[in-house]
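Below are some notes for a colleague who is opening this structure for the first time. They are meant to be read with the model on screen.

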Amino acid sequence: MSNNSAKVFAYNQLKEEILKLKLIPGTKISEKIMSDLLQVSRTPIREAFLKLAQEELLTIVPQSGTFVSLINLSLAEEARFVREIIETNIIGLCCENMTDEIAFKLEMNLKMQEMLASNEVGKQEKEKFLDLDEGFHKELFICCGKERTWRMIQDMAGHLNRFRLLRLKDIKDLDWEILISHHKEIYEAILDKNRTKAEQLMSEHMRLMLSEKGVLLQEFPEYFYPQQ
């Protein structure tokens with residue numbers, strides 16, 4: 001594996017472990033442990049650590065070590081705010097630019113969401129549901145030719161996405177049908193080319209992202225930065 005390939009591999013693997021909560025917030029990690037685990041030299045691990053620290057997913061404390069960043073609800077809210085502003089505009093563009101191909105992909109995505117929700121759902125299925133949720137929204141950006149905007153949003157959404165996964169995995173009474181219903185209504189509004197309704201629905205949907213905040217803060221206080 002070339003040095004550049006090793007750097008990309010180390011970065012992607014570490015980021016995946018953090019975002020999927022396999023490396024839980026507050027965990028101390030080291031270059032040596034990660035080098036042994038990923039079977040790459042320490043140089044690409046060090047470079048990955050620095051890049052993830054720039055993205056605020058790792059916290060490097062001099063003379064103390066490197067830690068998986070605690071979930072910062074202020075950063076999560078900022079990412080949610082940016083998504084709401086951008087996606088309410090994206091959804092309006094979708095009403096004007098929807099293609100049969102994207103409509104089919106959205107419909108298939110919704111059917112897969114329903115299939116997951118109809119079965120007895122374990123933690124792995126909940127993770128898959130979040131992937132489907134993200135996939136649904138990503139297709140809306142693709143519809144408008146705004147894939148770079150989607151990637152930009154993802155670069156700042158690490159704290160939000162970890163909160164959302166924790167919410168899906170650990171809220172026992174989370175009503176999945178509400179999330180799926182929102183997606184269906186958004187999809188139908190796009191097909192009807194009802195821009196005003198679609199934008200309103202998307203705004204309401206985005207505001208659900210940080211619901212159950214109090215429950216998670218109470219259940220997992222060690223995962224979060226102290227609230228001011």
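1. A pair in helix H4. Helix H4 covers residues 73–97, and both Glu84 and Arg80 belong to it, four residues apart, which is about one turn of the helix. Please keep in mind throughout that this is a predicted model. The two side chains form a salt bridge, with 2.7 Å between the closest N and O atoms. Glu84 counts as buried because its relative accessibility is 7%, and buried means under 20%. Arg80 has a relative accessibility of 8% and is therefore buried as well.

2. Arg207 is exposed, with 56% relative accessibility, while Glu84 is buried at 7%.

3. Arg164 and Glu134 make a salt bridge in which the closest N and O atoms are 2.7 Å apart.

4. The network around that link. Arg164 and Glu134 belong to one network that also takes in Arg83, Glu87 and Asp133, joined through salt bridges that share partners. How many salt bridges does the structure hold? The count is 16.

5. The sheet. Three strands make up an open, antiparallel sheet, and their order is S1-S3-S2. Strand S1 (28–29) and strand S2 (58–61) are at the edges; each has a single partner strand, so one side of each has no neighbour in the sheet.

6. Strand S3 spans residues 65–68 and runs antiparallel to S2, to which it is joined by four bridges. Across this pairing, Ile60 is opposite Thr66, and Val61 is opposite Gly65. S2 and S3 form a hairpin with three residues between them.

7. Positive phi in two loops. Most residues other than glycine have a negative phi. Leu21 is not a glycine, yet its phi is positive, near 60 degrees. Leu21 is placed in the loop between helix H1 (3–19) and S1, and is buried, with a relative accessible area of 13%. Lys193, also not a glycine, has a positive phi of about 55 degrees. Lys193 is found in the loop between H9 and H10. Is Lys193 buried or exposed? Lys193 is exposed, with a relative accessible area of 56%.

8. A charged patch on the surface. Which residues gather in a patch of negative charge on the surface? They are Glu185, Glu188, Asp192 and Glu204. Among them, Glu188 is found in helix H9, which runs over residues 176–191. Glu188 is partly exposed, with a relative accessible area of 47%.

9. Back to helix H4. Ile90 is another residue of helix H4. Its relative accessibility is 5%, so Ile90 counts as buried. Ile90 and Ile190 are 100 residues apart in sequence, and their C-alpha atoms are 11 Å apart in space.

Definitions and conventions
Residues are numbered from 1 along each chain as its sequence is written. This is a predicted model: local features need pLDDT of at least 70, side-chain atom pairs count only at pLDDT 80 or more; totals for chains, interfaces and linings use all residues. Side-chain values use heavy atoms; hydrogens and water are left out. Patches are made of residues with over 30% relative accessible area and no salt bridge: like charges are joined within 9 Å, nonpolar side chains (Val, Leu, Ile, Met, Phe, Trp, Tyr) within 5 Å. Accessible areas come from the Shrake-Rupley method with a 1.4 Å probe; for residues, only the protein chains shown count as cover. A salt bridge is a side-chain nitrogen of Lys or Arg within 4 Å of a carboxyl oxygen of Asp or Glu. Lys and Arg count as positive and Asp and Glu as negative; His and the chain ends are not counted. The place of a charge is taken as NZ of Lys, CZ of Arg, CG of Asp or CD of Glu. Buried means under 20% relative accessible area, exposed over 50%, partly exposed in between (1.4 Å probe, protein chains only). Two strands pair if DSSP finds at least two bridges between them.
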